[in-house]
Amino acid sequence: MKRVPFLSLSIALLLMTAPATAEDWREVSSDYYYNADFVFVDFWTDFIVVETAQWEGGDYDYGLIAIDCDGWRVYGLGSKNPDGTFDVYDQWYSDPTTGGPIPNGSLVVKMANRLCPMRDSLPMTELP
């Protein structure tokens with residue numbers, strides 16, 4: 001029987017028990033990103049839901065938005081809590097203050113242009 005060196009075995013066990021990181025941040029601009037691991041199509045609206053991060057005043061501001069690829073609109077859904085969960089505004093879809101047309105030349109346009117062509121291949125689920 002071949003002996004496995006202790007260091008190799010230890011590293012292998014460490015890698016097996018290490019939690020996988022679930023954040024694949026993609027740059028939209030030098031201070032605006034979206035989490036490619038948190039992009040899905042909402043089951044009820046068919047909108048793309050995505051976690052965003054924007055550098056503001058020495059820290060990142062995390063949010064959750066929905067992109068309506070057919071109507072070319074964007075909705076602010078809520079913000080991220082310190083524990084990693086999201087507070088989703090109950091009336092986000094019907095409240096006119098949470099959404100509107102995607103502004104021309106905005107960072108959301110760049111993100112929508114990347115994500116909307118992929119909509120049919122994204123996972124479909126319900127909002128958290």
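Select F40 and V49 to begin: F40 stands opposite V49 in strand β3. Strands here are DSSP runs of E with at least two residues, helices are DSSP runs of H or I with at least four residues, and both are numbered from the N terminus. The model you are looking at is predicted, so local features need pLDDT of at least 70 and side-chain atom pairs count only at pLDDT 80 or more, while totals for chains, interfaces and linings use all residues. Residues are numbered from 1 along each chain as its sequence is written, and side-chain values use heavy atoms, with hydrogens and water left out.

**Stop 1**

Now colour residues 32-42, which are strand β2. Strands β2 and β3 pair in the antiparallel sense over six bridges; two strands count as paired if DSSP finds at least two bridges between them. Together β2 and β3 make a hairpin with five residues between the strands.

Move on to β4, residues 59-68. Strands β3 and β4 also run antiparallel, and nine bridges join them. To see where E56 sits, select D59 in β4: the two stand opposite each other. Two residues lie between the strands in this hairpin, and G57 takes a positive phi near 60° there.

**Stop 2: T52**

Next, click on T52, which lies in strand β3, residues 48-56. Is T52 buried or exposed? It is buried, with a relative accessible area of 6%. Buried means under 20% relative accessible area, exposed means over 50%, and partly exposed is in between (1.4 Å probe, protein chains only).

Which residues does T52 contact, leaving aside its neighbours within four places in sequence? They are W25, Y32, Y33, Y34, D61, Y62, G63, I65 and M111. A contact means heavy atoms within 4.5 Å.

**Stop 3: the loop between β2 and β3**

Select D46, which is in the loop between β2 and β3. D46 has a positive phi of about 70°, although it is not a glycine. With a relative accessible area of 32%, D46 is partly exposed.

W44 is in the loop between β2 and β3 too. This tryptophan is exposed, at a relative accessible area of 63%.

The C-alpha atoms of M124 and D46 are separated by 8.3 Å, although the two residues are 78 residues apart along the chain. Not counting residues up to four places away in sequence, M124 touches V41, F43 and D46. M124 counts as partly exposed, at 48% relative accessibility.

Now show the surface and pick F43, W44 and M124. These three form a nonpolar patch on the surface, with about 400 Å² of accessible area together. Accessible areas come from the Shrake-Rupley method with a 1.4 Å probe, and for residues only the protein chains shown count as cover. Patches are made of residues with over 30% relative accessible area and no salt bridge; nonpolar side chains (Val, Leu, Ile, Met, Phe, Trp, Tyr) are joined within 5 Å, and like charges within 9 Å. A salt bridge is a side-chain nitrogen of Lys or Arg within 4 Å of a carboxyl oxygen of Asp or Glu.

**Stop 4: the disulfide**

Select C69 and C116. They form a disulfide, with their sulfur atoms 2.1 Å apart; the cut-off for a disulfide is a pair of cysteine sulfur atoms within 2.5 Å. C69 lies in the loop between β4 and β5 (73-80), and C116 in the loop between α2 (107-115) and β8 (124-125), so the pair ties together parts that are 47 residues apart in sequence. A disulfide is a covalent bond between the sulfur atoms of two cysteines.

The link of C69 and C116 is left-handed, with -85° about the S-S bond. C69 is buried at a relative accessible area of 14%, and C116 is buried at 17%. By the cut-off above, the count comes to one disulfide.

While you are here, select W72, found in the loop between β4 and β5. W72 has a positive phi of about 50° although it is not a glycine, and it is partly exposed at 29% relative accessible area.

**Last stop: the whole protein**

Zoom out. How many helices and strands are there in the protein? There are two helices and eight strands, and along the sequence they follow the pattern α-β-β-β-β-β-β-β-α-β. Buried residues make up 33% of the 128 residues.
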